[in-house]
Amino acid sequence: MALVEVQVPDIGDFDEVTVIELMVKVGDTVKAEQSLITVESDKASMEIPSSTAGLVKEMRVALGDKVKQGSIVLVVEAAGAPAAASAPAAAAPVAAVASAAAAPAAVASAAPVSSGPVQVHVPDIGDFKDVVVIEVMVKPGDNIKVEQSLITVESDKASMEIPSSHAGVLKELKVKLGDKVNIGDLLAVLEGASAAAAAPASPAPAAATAAAMASAAPVVAVVAATAVAPAAAVAPAAPAHAPGALTVGLPHASPSVRKFARELGVPLDEVKGNGPKGRITVDDVQAFTKAIMSGAVQTKAQAAKAPAGGSGGDGAALGLIPWPKVDFAKFGPIERKELGRIKKISGANLLRNAIMIPAVTNHDDADITELEAFRVSTNKENEKSGIKVTMLAFLIKACVAALKKYPEFNSSLDGDALVYKNYWHIGFAADTPNGLMVPVIKDCDKKGVLQISQEMSELAKKARDGKLSPAEMTGATFTISSLGGIGGKYFTPIINAPEVAILGVCKSTIEPVWDGKAFQPRLMLPLSLTWDHRVIDGAAAARFNAFLGQILSDFRRVLL
């Protein structure tokens, strides 16, 4: 037995990189090429593999340490390790390149290229069976790139493109439109294909060493392959996240996670990372895939492709008769304008919510005579501050009080469970030139009416300018849709899933109200509360509306 120091190999033009993850510990048995640590520069992250198999005897790095080429990562007790296989060999990538140049098998390992036929199979797409092929995107004779989409499949909830794991010429396509496929099914046969993943290492010791070094330093491996076979016609496929490459704007994920995401066709820049420093893990990719296939979320590509009427815009997916197709031009002049991106996205969501949620709407009126007088006087007192208080700001505070008293309105359905949220983020529908948008004011229970008014004004301006970030439009627990500045009496707003209720507000009007002795002119605000009948019953909805009306008529109740 021999003790071998495993060092950081050539990782490209980086002086020092930070250790952000330890993937092994003392006492673990590691294999050659097994990832030991993950390091991160200011532009990319990469895993450092082991050049030797054996038992970890000592860790020489800790989280947060700075390392560079030649730094010792750990000490391994290598059983039967030859003297030549010591740390200096790992620290000398030039020697590894020379070894690779002397052994053609090593080159094949470093840059896997195959002239024979390669089979492409359906990767793991989650817990779904018999998904239907709804689009074929290639044909025999096409030159296929790694990760190029071959077909689109569809479950009962969503669609997903299946990418190729290899590059080459498409010799044969094994599926057609309407076929049902499952994980592992044969999709296509390619010729002259190069794999996205490294080929199995040759049993020859020299080739195994070269493969280990190729995994640690792919840039060097490519140079070695070029030196041995300068006339090679097929260049090795560049990895999506090459250590040493200057990458900008890449999602925070390790190479192995990137490979896994490529196999599923998952856009990593749309996945939320739950690892250290927001790092994307395998679990995050799997959860995202399941959410897509269940229809819970959409990728940006899906949203962009969604028809204006929503998924299955002709109604066929719902078992409805086909949507009427009419040649409008035969009745008179017409002008055709494509829907904007926001309307396309919101249209699909609104259709889903309107169909899937058993919604009921309660209409009521709230007396805001005194509250309006207070609002006007508040604005006069705060003229110099530049903050204009609107009735919607008072409504938001009133809704928070009602949501606290009736917490089921601040919940969401999760399967057979109800998730009660102990935070109060209120969304408000903003009318913009590009369509309806819903900015969200966070933690409204902790903010006063003046602060809410200021934030609402800033968010509304961002919405009109098209500068709202995704974070400013997500996380709402309850939404208010106000038509107060336009007019109308009552309407039926559509619930913004996964919320369970939404409040619609119209323009207030002076109306005669009987006070027991005579009719008095009072300023009345129309309220339209739409609620999910799976969560809320009629009695609870009536109580919510009544309580909300009481608060608006005497705002001091907010303090109770």
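**Close-up 1. Glu33, a partly exposed residue in a loop.** With a relative accessibility of 34%, Glu33 counts as partly exposed (buried is under 20% relative accessible area, exposed is over 50%, and partly exposed is in between, using a 1.4 Å probe and protein chains only). You'll find Glu33 in the loop between strand 3 (29-30) and strand 4 (35-40). Helices (H or I, at least four residues) and strands (E, at least two) are DSSP runs, numbered from the N terminus. The phi of Glu33 is near 80°, a positive value in a residue other than glycine. A word on what you're looking at: this is a predicted model, where local features need pLDDT of at least 70, side-chain atom pairs count only at pLDDT 80 or more, and totals for chains, interfaces and linings use all residues. Residues are numbered from 1 along each chain as its sequence is written, and side-chain values use heavy atoms, with hydrogens and water left out.

**Close-up 2. Glu147, with a positive phi.** Glu147 isn't a glycine, yet its phi is positive, at about 80°. Look for Glu147 in the loop between strand 11 (143-144) and strand 12 (149-154). Its relative accessible area is 37%, so Glu147 is partly exposed.

**Close-up 3. The cis peptide bond at Pro498.** Going from Ala497 to Pro498, the peptide bond is cis, with omega near 10°. Pro498 sits in the loop between strand 24 and strand 25.

**Close-up 4. The largest nonpolar core.** A nonpolar core here is a set of buried Ala, Val, Leu, Ile, Met, Phe, Trp, Tyr and Cys residues joined through side-chain atoms within 4.5 Å. The largest one has 54 residues, and those touching the most other members are Phe409, Phe478, Ile480, Leu503, Phe544 and Leu552. Several elements each supply at least two residues of this core: helix 11 (391-405), strand 20 (426-428), helix 12 (449-465), strand 24 (478-482), strand 25 (501-505), strand 27 (519-532) and helix 13 (538-553). Helix 11 gives the most, with twelve residues. Now zoom in on Phe409: setting aside neighbours within four places in sequence, its contacts (heavy atoms within 4.5 Å) include Leu403, Phe478, Trp531, Ile536 and Phe544. Apart from this core lies another, of 31 residues, among them Leu150, Val175, Ala261 and Phe288.

**Close-up 5. Cysteines without a disulfide.** There are zero disulfides in this structure, a disulfide being a pair of cysteine sulfur atoms within 2.5 Å. Take Cys444: the closest cysteine sulfur to its own is in Cys399, 9.6 Å away, which is too far for a bond. Cys444 is buried, with a relative accessible area of 0%. Cys506 counts as buried too, at 3% relative accessibility.

Close-up 6. Side chains of opposite charge can pair when their charged atoms come close. For a salt bridge, a side-chain nitrogen of Lys or Arg has to be within 4 Å of a carboxyl oxygen of Asp or Glu. The structure holds 19 of them. In this one, the closest N and O atoms of Glu191 and Lys171 are 3.7 Å apart. The pair links distant parts of the chain, as Glu191 is in strand 16 (residues 186-195) and Lys171 in strand 14 (residues 166-173), 20 residues apart. Both ends count as partly exposed: Glu191 at 36% relative accessibility and Lys171 at 47%.

Close-up 7. Asp179 pairs with Lys176, their closest N and O atoms being 3.2 Å apart. Lys176 counts as exposed, at 55% relative accessibility. Elsewhere, Glu472 and Lys462 meet in a salt bridge of 2.7 Å, N to O. Ten residues separate these two, with Glu472 in the loop between helix 12 and strand 24, and Lys462 in helix 12. Glu472 counts as buried at 18% relative accessibility, while Lys462 is partly exposed, at 33%. Salt bridges that share partners also join Glu5, Glu58 and Arg60 into one network.

**Close-up 8. A nonpolar patch on the surface.** Val326, Phe328, Phe331 and Ile334 form this patch, with about 460 Å² of accessible area together. Patches are made of residues with over 30% relative accessible area and no salt bridge, where like charges are joined within 9 Å and nonpolar side chains (Val, Leu, Ile, Met, Phe, Trp, Tyr) within 5 Å. The areas come from the Shrake-Rupley method with a 1.4 Å probe, and for residues only the protein chains shown count as cover. Phe331 is in the loop between helix 8 (300-305) and helix 9 (341-356), and counts as exposed at 62% relative accessibility.
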